[in-house]
Amino acid sequence: MADLKEEKLPTHVAIIMDGNGRWAKQHGLRRVKGHEKGADSVREVVKVTRELGIPWLTLYAFSEENWKRPEYEINTLMKLLEQFLKKELHEMCDKGIRLRCIGRIYKLPASTRRMLDKAIQQTSNNRDMTLTLALSYGGRQEILDTVKRVVRLVETGKCRSEEIDENLFCQNLYLPDLPDPDLLIRTSGEYRISNFLLWQSAYTEFYFTPTLWPDFGREEYLAAIAEFQKRERRFGAAFD
Ligand code: IPE
Ligand code: IPE
Ligand code: MG
């Protein structure tokens with residue numbers, strides 16, 4: 001932690017938490033055991049993010065395409081999410097962490113939605129860090145949902161089609177105030193974005209690691225941030 005430059009910390013870190021199933025397989029366990037272990041990595045990463053003073057953390061917990069998985073696995077993931085919310089609510093309030101989510105939340109089971117609503121509501125005034133969970137989330141779906149909102153604005157005369165620009169589009173994303181991620185980490189050695197934050201990641205720095213999510217912890221997280229601090233971000237401009 002001492003090696004990190006405070007002035008160059010990312011404002012928003014986003015993580016594709018992948019590799020739980022392979023971790024379980026490696027240990028001769030069922031896939032769901034990997035998800036259980038993965039929840040510990042979530043706790044650790046949230047803790048380190050808060051300690052560093054990084055204000056925004058977004059975790060890809062369940063994609064829109066993950067509905068294709070077996071019912072038993074989906075149910076376990078939802079139960080684990082509920083357990084996480086129940087266990088961590090106190091800690092989130094204590095540490096000033098605001099919880100929010102992005103995605104087609106209405107597709108989640110009612111019990112999960114209830115717990116989410118409660119945690120979101122009870123942490124809504126916390127300001128030290130925002131933890132956003134992407135649940136039943138897809139970047140393409142978010143773009144489509146945004147297009148529909150913008151079309152409605154035009155249809156109802158609230159704006160003219162000539163006025164549609166990046167700014168108006170951003171104002172109609174799931175969470176308009178969510179900044180673009182500076183650093184996106186993907187574990188498990190896959191080099192793809194899997195429909196995560198497609199609009200928002202236009203100029204994001206990527207960090208890929210072969211480490212499986214349940215094995216991802218403080219050391220590697222700090223290493224990812226240290227690597228980020230070495231990058232030169234140009235945003236299309238030219239520097240001499
Ligand atoms: C990530 O781990 C968790 C979710 C996608 C919910 P996986 O379950 O995708 O693990 P692998 O990729 O099969 O190893
Ligand atoms: C991405 O992982 C989604 C989450 C981590 C929640 P997947 O395991 O679903 O992605 P693919 O199928 O390998 O692209
Ligand atoms: Mg996977």
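In this predicted model, Q200 sits in the loop that links β5 (183–186) and β6 (205–208). Its relative accessible area is 3%, so Q200 counts as buried, the cut-off being under 20%. The side chain of Q200 forms a polar contact with the side chain of E142, at 3.1 Å. Beyond neighbours within four places in sequence, Q200 is in contact with Y137, E142, L173, D180 and P181.

The largest nonpolar core holds 43 residues. Within this core, I15, L57, L59, L131, L135, I185 and Y221 touch the most other members. Helix α3 (residues 71–94) supplies the largest share, eight residues. A second core is separate and has 13 residues, among them A14, I16, W56 and L175. In soluble globular proteins, nonpolar side chains tend to be buried together.

With neighbours within four places in sequence set aside, Y221 is in contact with V13, V45, V48, T49, I54, L57, I185 and F216.

A polar side-chain atom of D18 is 2.8 Å from a ligand 1 oxygen. For G21, a polar backbone atom is 2.9 Å from an oxygen of ligand 1. An N or O atom in the R69 side chain lies 2.7 Å from a ligand 1 oxygen. On its own, ligand 1 has 380 Å² of accessible area, of which the protein covers 86%.

Definitions and conventions:
Residues numbered from 1 in each chain as written. Chains lettered and ligands numbered in written order. Predicted model: local features only at pLDDT ≥ 70, side-chain atom pairs only at ≥ 80, totals over all residues. Heavy atoms only, no water. Core = buried A, V, L, I, M, F, W, Y, C linked by side-chain atoms within 4.5 Å. Buried < 20%, exposed > 50% of the residue type's maximum accessible area, 1.4 Å probe, protein only. Helix = DSSP H or I, 4+ residues; strand = E, 2+ residues; numbered from the N terminus. Contact = heavy atoms within 4.5 Å. Polar contact = N/O pair within 3.5 Å; in protein donor to acceptor, adjacent residues only side chain to side chain. Areas by Shrake-Rupley, 256 points an atom, 1.4 Å probe, with all protein chains shown as cover.
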